[in-house]
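Please keep the sequence and the model in view while reading.

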Amino acid sequence: TRPVRVAPSLLAADFSRLGEETRAVAAAGADWLHLDIMDGHFVPNISFGPVIVKALRRHATIPFDVHLMIAPADPYLQAFAEAGADLISVHPEAGPHLHRTLQTIRSLGKKSGVVLNPATPVASIENVLELCDLILVMSVNPGFGGQSFLEGQLGKIAVLRRMIDAHAAQGGQEIALQVDGGVTARTAPRCIEAGADVLVAGTAVFGAPDYAQAIAAIKGTA
Ligand code: DX5
Ligand code: ZN
């Protein structure tokens, strides 16, 4: 069985204490920190930008997984790279040239990800697989934490798992398969079974009294 990583989403943290919250989840066993960037245009909510990412960088050494829900994304890639992102993910709908956007992320020395909304087909990434370090399947419509898991996305995860494994078998690079939205200790096993290996969880971690226990429960090691 493949190792499962958990990336708590800071969107569900106490925004008046983001530094403390970052340190707390890192100490609680978070593998990555998931940072949701929303512009009130690509998604109907506004969160925070590169200034906050940069301010948090000194609070933890775990990888910063930056999920851009902004359009256009291209003018801001460098700012997020310089702020300390390790991985930058973009939605194909955020710009006309996904291939170029992924090349830009790689040229900034960062890992690149593509995010598929619930209505976005797997075909949107087929021709850019060699430029992806991560594929993120949204199991809610992006914009808000605390929504319920869309079961219908499990089939997409399974299709992508086969595609990623076939790519690796042909000598292609490793690609992480991430799920984001409504992931809890109850829905996580189904994501893992379908082939996901990085689970994003906001409410299920930051809404829990014990972050370490919540992360372990999502990983299935509690
Ligand atoms: C939704 C964000 C998610 C969100 C997940 O637009 O991309 O990362 O914070 O929150 P939960 O885990 O509460 O569904
Ligand atoms: Zn996210």
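Which exposed residues are carried by the face of H1 turned away from its buried side? They are Glu20 and Ala27. This is a predicted model, in which local features need pLDDT of at least 70, side-chain atom pairs count only at pLDDT 80 or more, and totals for chains, interfaces and linings use all residues. Residues are numbered from 1 along each chain as its sequence is written, while chains are lettered from A and ligands numbered from 1 in the order in which they are written.

**Confidence**

- The mean pLDDT (the predictor's confidence in each residue, from 0 to 100) is 98 for the protein, and 100% of its residues reach 70 or more.
- The model has an ipTM of 0.98 and a pTM of 0.98.

**Helix H1**

- Helices (H or I, at least four residues) and strands (E, at least two) are DSSP runs, numbered from the N terminus.
- A residue is called buried if 20 or more other C-beta atoms lie within 10 Å of its own, exposed if 12 or fewer, and partly exposed in between, with C-beta atoms placed from the backbone.
- Helix H1 comprises residues 18–27, and its residues Glu21, Thr22, Ala24 and Val25 are buried.
- These four cover an arc (taken from the directions from the helix axis to the C-beta atoms) of only 165° around the axis, which puts them on the same side of H1.
- An α-helix has 3.6 residues a turn, so residues three or four places apart point the same way.
- The buried residues of H1 pack against strand S1 (5–8), S2, helix H2 (50–57), helix H8 (203–206) and helix H9 (211–219); contact here means that the C-beta atoms of two residues, placed from the backbone, lie within 7 Å.

- Strand S7 covers residues 176–180, and five of the five are buried, so S7 is largely enclosed by the rest of the structure.
- From S7, Ala176, Gln178 and Asp180 point one way, whereas Leu177 and Val179 point the other way.
- Two strands are said to pair if DSSP finds at least two bridges between them.
- S7 pairs with strand S6 (residues 134–138) in the parallel sense over five bridges, and Leu177 in S7 is the bridge partner of Ile135.
- Between S6 and S7 the chain passes through helix H6 (residues 154–169), forming a right-handed β-α-β crossover; right-handed means that, with the strands pointing away from the viewer, the path from the first strand over the helix to the second runs clockwise.
- S7 also runs parallel to strand S8 (residues 198–201), joined by three bridges, and Asp180 stands opposite Val200 in S8.
- The chain crosses from S7 to S8 through helix H7 (residues 188–194), and this β-α-β crossover is right-handed.

**Annotated positions**

- UniProt positions follow the numbering used here, feature names are shortened, and annotations may be inferred rather than shown by experiment.
- An unreviewed UniProt entry gives the annotation "binding site" to His34, Asp36, His67 and Asp180. They span 147 residues in sequence, yet no two of their C-alpha atoms are more than 10.5 Å apart, so they gather at one spot.
- The annotation "active site" in the unreviewed UniProt entry covers Asp36 and Asp180. These two span 145 residues in sequence, yet their C-alpha atoms are not more than 10.5 Å apart, so they gather at one spot.
- UniProt (unreviewed entry) also lists under "binding site" a set of residues including Ser9, Phe144, Gly145 and Thr203.

**Surroundings of the annotated residues**

- His34 lies in strand S2 (residues 33–38) and is buried, with 28 other C-beta atoms within 10 Å. Not counting residues up to four places away in sequence, His34 touches Ala7, Pro8, Ser9, Leu10, Asp65, His67 and Val200.
- Asp36 is also found in S2 and is buried, with 24 other C-beta atoms within 10 Å. Among the residues that Asp36 touches, beyond those up to four places away in sequence, are Ser47, His67 and Met69.
- Asp180, in strand S7, counts as buried with 27 C-beta neighbours inside 10 Å. Leaving aside neighbours within four places in sequence, Asp180 is in contact with His67, Leu136, Met138, Ser139 and Val200.
- Phe144 is placed in the loop between S6 and H6 and counts as partly exposed, with 15 C-beta neighbours inside 10 Å.
- Gly145 is in the loop between S6 and H6 and is buried, with 21 other C-beta atoms within 10 Å.
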